[in-house]
Amino acid sequence: MLDRIVRSAASGTLIALAAAGAQAATIGLMAPLSGPQALVGQDQVDGFQLALDQLGGKLGGQAVTVVKEDDQLKPEVGQQAVRKLIDKDKVDAIVGLSFSNVLMGSLPRIAEAGVVALATNAGPSPIAGAQCKANLFSMAWQNDGAAEAMGKFAQDRGIKRVYLMAPNYQAGKDMLAGFKRFFKGQVVDEVYTQVNQPDYSAEIAQLQAAKPDALFVFYPGGMGINFVKQMSQAGLAGKMPFYSVFTVDGTTLPSLRDAAVGSVSGAMYDAALDNPENRKFVAAFEARYKRTPSLYAATGYDAANLLDIAMRKAGGDAKKLAAAVKVAGSELKSVRGPFSFGKNNMPVQDYYAFETARDGGKVVTRLIGTPFKGHVDPYAAQCNLP
């Protein structure tokens, strides 16, 4: 597959066209590109395309066609898209794979086909454990990781009573489980809401009545914008410690601004990180897209750079690509800092705490701690990969 001639795809976006007779590869790029979570998907696409352009439109020396698919954050649509990418487009790798519910729905076909898949926004606990696959990697996180870091951060801060909230799907359950794994105080309540729920007024009223010492939530993308704004409108902003993951980040902060001030977010990346790779990435991303990159853009960017290393190692042999990806993880100079793949193909990486604050009239994020260094997720022992 890696040595066929690049062809354009009517349903996708042609990134680079190989000269006739040259080696080429086709990459499937699947993300939510419409609906409330489109900003999350678009950042992944933009990060990947930026890296690909910096690499001259090639990965591992091979010109690349990228076929984009919008999964609409619907598992059934994602399954159709994955089948198309594998069976019709004959892709060499799939990048993105959307949210955890979409990824889990597509897992059987990915496993059956053996095509290399790089998730840039999900690391569900089942595939980190007993359902791990040699051809499936997370370039992002094991879902529990950032939440575990916030649980440890809250514990270290001396918080006693916490209220937990998340949408009712696999990632939401993983996030709250992760927080509880390292927080040893009292969980006042654990509330699950509908995916893409727009109105949280009833839940916020329940939160106010419970009077916890702190609140921890997981509400990505548009859900996070709605929730944090409604918290602010209810007069809760700044009145209790507010911890979150994937809620206040590069995709939501431009809309949230003052409503997010004082919140603390756990993540493996923020544009505020000061290392050579990230400084280069942030400057290039802002120059091209006129906005600050989010952690989703960072995972897309890293995914392209990792594939460049892996495809060069595989030397055009598709059967060697998965093993090459595993090795390439340790060689990648990630914008997030130290990075490698664990036994279960989940990231081994640092997790940081970032505070949103005002600085000279601007709303910015700043690094205030590193709860975990080289963190290994708790499910790796359940994975039977060598």
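## Terms and basis

Buried means under 20% relative accessible area, exposed means over 50%, and partly exposed is in between (1.4 Å probe, protein chains only). By that scale Asp 308, at 11% relative accessibility, counts as buried.

The model is predicted: local features need pLDDT of at least 70, side-chain atom pairs count only at pLDDT 80 or more, and totals for chains, interfaces and linings use all residues. Residues are numbered from 1 along each chain as its sequence is written, and side-chain values use heavy atoms, with hydrogens and water left out.

## Annotated domain

An unreviewed UniProt entry annotates residues 26-359 as "domain: Leucine-binding protein". UniProt positions are given in the numbering used here, feature names are shortened, and annotations may be inferred rather than shown by experiment.

Helices (H or I, at least four residues) and strands (E, at least two) are DSSP runs, numbered from the N terminus.

## The six-stranded sheet

An open sheet with mixed pairing is built from 6 strands in the order E2-E3-E1-E4-E5-E6. Two strands pair if DSSP finds at least two bridges between them. Strand E2 (58-59) and strand E6 (136-138) are the edge strands, each pairing on one side only.

Strand E1 (residues 24-31) and strand E3 (residues 62-70) run parallel and are joined by 8 bridges. Ala 25 stands opposite Val 64 in E3. Helix H1 packs on the sheet, touching E1, E2, E3 and strand E4 (93-96); contact means heavy atoms within 4.5 Å. The direction of H1 makes about 170° with that of E3. Axes are lines fitted to C-alpha atoms, for helices over the stretch in contact, and angles run from 0 to 180 degrees between N-to-C directions.

## Salt bridges

How many salt bridges does the structure hold? There are 17, a salt bridge being a side-chain nitrogen of Lys or Arg within 4 Å of a carboxyl oxygen of Asp or Glu. One of them joins the side chains of Asp 53 and Arg 288 (2.6 Å, N to O). This pair links distant parts of the chain, 235 residues apart: Asp 53 is in helix H1 (residues 38-54) and Arg 288 in helix H10 (residues 276-289). Asp 53 is partly exposed at 37% relative accessible area, and Arg 288 is partly exposed at 40%.

Arg 181 and Glu 148 also meet through their side chains in a salt bridge (2.6 Å, N to O). Because Arg 181 lies in helix H6 (residues 170-182) and Glu 148 in helix H5 (residues 144-156), the pair ties together parts 33 residues apart in sequence. Arg 181 is partly exposed at 28%, whereas Glu 148 is buried at 1%. In the pair Arg 312 and Asp 308, the closest N and O atoms are 3.2 Å apart. Both residues lie in helix H11 (residues 295-314), 4 residues apart, about one turn of the helix. Arg 312 is exposed at 52%. A network of salt bridges links Asp 43, Asp 46 and Arg 291.

## Surroundings of Ser 232

Ser 232 is located in helix H8 (residues 221-233) and is partly exposed at 31% relative accessibility. Leaving out residues up to four places away in sequence, Ser 232 touches Ala 237 and Ala 259. Ala 260 is 28 residues from Ser 232 in sequence and 8.2 Å away in space, C-alpha to C-alpha.
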